[in-house]
Amino acid sequence: MTSTATRPRGARARAAIAARTLRTDRWWFPPLITVVLLSAWLAYGTVRIFMHKWYWVAEYHYLTPFYSPCITDRCVPEASHFGQFLPGWWIIPDAALTLPLLLLFRLTCYYYRKAYYRSFWLSPPACAVPDGHQSYSGETRFPLLGQNAHRYFFYIAVLISLINTWDAVLAFHSPEGFGFGLGNLILVGNVTMLWAYTISCHSCRHIVGGRLRHFSKHPVRYKAWTGVSWLNVRHMQLAWITLGTLVVTDFYIMALAAGWFSDLRFIN
């Protein structure tokens, strides 16, 4: 922008625009959809984790990820693969060992930061639209200072994904031994998407291929970094897909446990 001192003689000053933004498209629509979908998911998840029922199908060993691992003394013993060492107070989620850590992993995720900064905090709501706040301090103050711990929550998310994988393996069970049904497909599909989302994390990409001066001297890590980078491009889509698969998996197991309908079995 040309200053007053160097502006050519006779040139007009820059026009004063009173409008908040000159964008004429529906720039507000993506943030609105994000608020609606994330709020709906949080509402569903909150209701489910405090229902304290309909999480275990004993006949086929189906355990919903919202209750895995089930560690309160209120849990069904067969669903408590890692013991029952917390009291069964209603305020304590039955999967209190994993749910808070998974929430922190998602809250500090680079994509989710962008999503809820723009939608819930309007910081900024869209490109070429002013920030909804008077000042900006970045992630240098509490509680946003904790966003830097994302890399550590990634390690925990890997361990939890291993637990979810173990749950999916145990579900191949029926009264006659090995069994296979629609619930197995849903559980395996969910855990596959969870793994894809977890390893597509930016922290994982840095762990796999970061601080290398020459990829040619580390062909295995380069190959792994290439695969993680391919997933990393799809990190946003995987973030939303996994929210959907978690709800579908939980709802299906809840419906079976409540007796609303029976599992579609292919083998036993």
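1. Basis. The model is predicted; local features require pLDDT of at least 70, side-chain atom pairs count only at pLDDT 80 or more, and totals for chains, interfaces and linings use all residues. Residues are numbered from 1 along each chain as its sequence is written, and side-chain values use heavy atoms, with hydrogens and water left out.

2. Cis peptide bonds. Ser68 and Pro69 are joined by a cis peptide bond with omega of about -10°. Pro69 belongs to the loop between strand S2 (62–63) and helix H2 (99–107); helices (H or I, at least four residues) and strands (E, at least two) are DSSP runs, numbered from the N terminus. The bond from Ser123 to Pro124 is also cis, with omega near -20°, and Pro124 lies in the loop between helix H3 (110–119) and helix H4 (150–170).

3. Positive phi. Most residues other than glycine have a negative phi, and most peptide bonds are trans. His61, in the loop between strand S1 (56–57) and S2, has a phi near 60°. His61 is partly exposed, at 25% relative accessible area; here buried means under 20%, exposed over 50%, and partly exposed in between (1.4 Å probe, protein chains only). Ala128, in the loop between H3 and H4, has a phi of about 65° and counts as exposed at 63%.

4. Nonpolar surface patch. Trp28, Phe29, Leu32, Ile33, Val36 and Leu37 form a nonpolar patch with about 510 Å² of accessible area together. Patch residues have over 30% relative accessible area and no salt bridge; like charges are joined within 9 Å, and nonpolar side chains (Val, Leu, Ile, Met, Phe, Trp, Tyr) within 5 Å. The areas come from the Shrake-Rupley method with a 1.4 Å probe, and for residues only the protein chains shown count as cover. Trp28 is in the segment before helix H1 (29–49) and is partly exposed at 42%.

5. Largest pocket. The largest pocket has a volume of about 750 Å³. Its lining comprises 29 residues, of which Trp41, Leu42, Leu102, Leu103 and Arg106 are the closest to the centre. H1, H2, H3, H4, helix H5 (182–199) and helix H8 (235–258) each give two or more residues to this lining. By class, the lining of the largest pocket holds 21 nonpolar, 7 polar and 1 charged residues. On a 1 Å grid over the protein atoms alone, a pocket is an open set of points with protein on both sides within 12 Å along at least five of seven lines, whereas a cavity is a set where a 1.4 Å probe fits but cannot get out; lining residues have an atom within 4 Å of a point.

6. Cavity. There is 1 cavity of 30 Å³ or more. The largest cavity has a volume of about 60 Å³, and its lining residues include Leu63, Pro65, Asn164 and Asp167. H4 and H5 each supply at least two residues of that lining.

7. Salt bridges. The whole structure contains 4 salt bridges, each a side-chain nitrogen of Lys or Arg within 4 Å of a carboxyl oxygen of Asp or Glu. One of them pairs Asp250 with Arg48, with closest N and O atoms 2.7 Å apart. Asp250 lies in helix H8 and Arg48 in helix H1, so the pair ties together parts that are 202 residues apart in sequence. Both Asp250 and Arg48 are buried. Arg23 and Asp25 form another salt bridge, at 2.6 Å.

Methods
Grid points are joined across faces, edges and corners, and a volume is the space filled by probe spheres set on the points. Ala, Val, Leu, Ile, Met, Phe, Trp, Tyr, Cys and Pro count as nonpolar, Asp, Glu, Lys and Arg as charged, and the others, Gly among them, as polar.
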